[in-house]
Amino acid sequence: MSNVCSALNIVVRKARMHDIRAIHGLLLTCSADQVLMPRSLSDLYGHLRDFYVAEQDGSIVGCCALAIIWDNLCEVRSLALDPKIRRRGCGRQIVNTCLDEAKSLGIDRVFALTYQLAFFQALGFEEVSKDILPQKVWMDCIHCPKFPDCDEFAVARRLS
């Protein structure tokens with residue numbers, strides 16, 4: 001599956017093994033900007049199949065993952081864009097690609113933890129209490145250095 005963010009000639013496609021270092025670099029850059037939490041290389045290798053990348057002229061300029069969390073629940077995570085393509089529609093394209101995959105898997109509920117509340121609200125997500133995400137808390141959040149004082153917003157959307 002690939003989609004094109006035509007204004008910038010960017011193709012959104014499933015990530016491949018040789019994309020991991022570029023994905024890691026994007027995530028490190030965005031975590032330094034305090035836009036998201038960092039992920040280790042070993043974690044990325046273990047979750048390669050969750051990722052989509054945005055590729056422009058042979059370079060990875062964006063990424064996003066769709067992680068299955070529980071029965072009928074998945075998470076859009078690790079959305080990172082090169083600063084030069086932000087606010088040009090490609091973040092929307094890569095998240096919509098993840099949402100399309102969720103639909104194709106028969107998953108109806110999607111959530112994200114984010115510092116970019118307005119971006120996700122523009123995509124139809126609504127702010128929710130983190131209390132409705134116990135599987136996420138015990139899977140990932142418990143290992144976060146900010147736990148239990150998370151400052152991200154929880155957002156969710158139904159796809160049906």
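Colleague: Is Phe 125 buried or exposed in this model?
Modeller: The model is a predicted one. Phe 120 and Phe 125 share one class of accessibility here, and for Phe 125 that class is buried.

Colleague: How many aromatic pairs does a search of the whole structure find?
Modeller: Rings count as a pair if their centres lie within 6.5 Å. On that basis, the number of aromatic pairs found across the whole structure is two.

Colleague: What is the geometry of the pair formed by Phe 119 and Phe 120?
Modeller: The ring centres of Phe 119 and Phe 120 are 5.2 Å apart. Planes over 60 degrees apart count as edge-to-face. The planes of these two rings stand at 90 degrees, so the pair is edge-to-face.

Colleague: What is the angle between the planes of Phe 120 and Phe 125?
Modeller: Phe 120 and Phe 125 also form an aromatic pair, with 5.2 Å from centre to centre. This pair is edge-to-face, and the angle between its planes is 85 degrees.

Colleague: Which residues form one aromatic cluster?
Modeller: Phe 120 pairs with Phe 119, and Phe 120 pairs with Phe 125. The cluster is therefore made up of Phe 119, Phe 120 and Phe 125.

Colleague: Why does Phe 119 count as partly exposed while Phe 120 counts as buried?
Modeller: Buried means under 20% relative accessible area, and partly exposed lies between that and 50%. Phe 120 is buried because its relative accessibility is 4%. Phe 119 counts as partly exposed because its value is 27%.

Colleague: Which residue lies over the face of Tyr 52?
Modeller: A charge sits over a ring if, among other conditions, NZ of Lys or CZ of Arg is within 6 Å of the ring centre. Over the face of Tyr 52, at 4.5 Å from the ring centre, lies Lys 14.

Colleague: Which residues does His 24 touch, leaving out those up to four places away in sequence?
Modeller: His 24 is placed in helix H1, which covers residues 20-32. With a relative accessible area of 17%, His 24 is buried. Beyond its sequence neighbours up to four places away, His 24 touches Arg 39, Ser 40, Leu 41 and Leu 44.

Colleague: What pattern does the chain follow along the sequence?
Modeller: The chain has five helices and eight strands. Read along the sequence, their pattern is β-β-α-α-β-β-β-α-β-α-β-α-β.

Colleague: What share of contacts joins residues at least 24 apart?
Modeller: The contacts considered are those in the chain between residues at least 6 apart in sequence. Among these, the share joining residues at least 24 apart is 68%.

Methods:
Residues are numbered from 1 along each chain as its sequence is written. This is a predicted model: local features need pLDDT of at least 70, side-chain atom pairs count only at pLDDT 80 or more; totals for chains, interfaces and linings use all residues. Side-chain values use heavy atoms; hydrogens and water are left out. Rings of Phe, Tyr and Trp (its six-membered ring) pair if their centres lie within 6.5 Å; planes under 30 degrees apart count as stacked, over 60 as edge-to-face and the rest as tilted. Buried means under 20% relative accessible area, exposed over 50%, partly exposed in between (1.4 Å probe, protein chains only). A charge sits over a ring if NZ of Lys or CZ of Arg is within 6 Å of the ring centre and within 35 degrees of the ring normal. Helices (H or I, at least four residues) and strands (E, at least two) are DSSP runs, numbered from the N terminus. Contact means heavy atoms within 4.5 Å.
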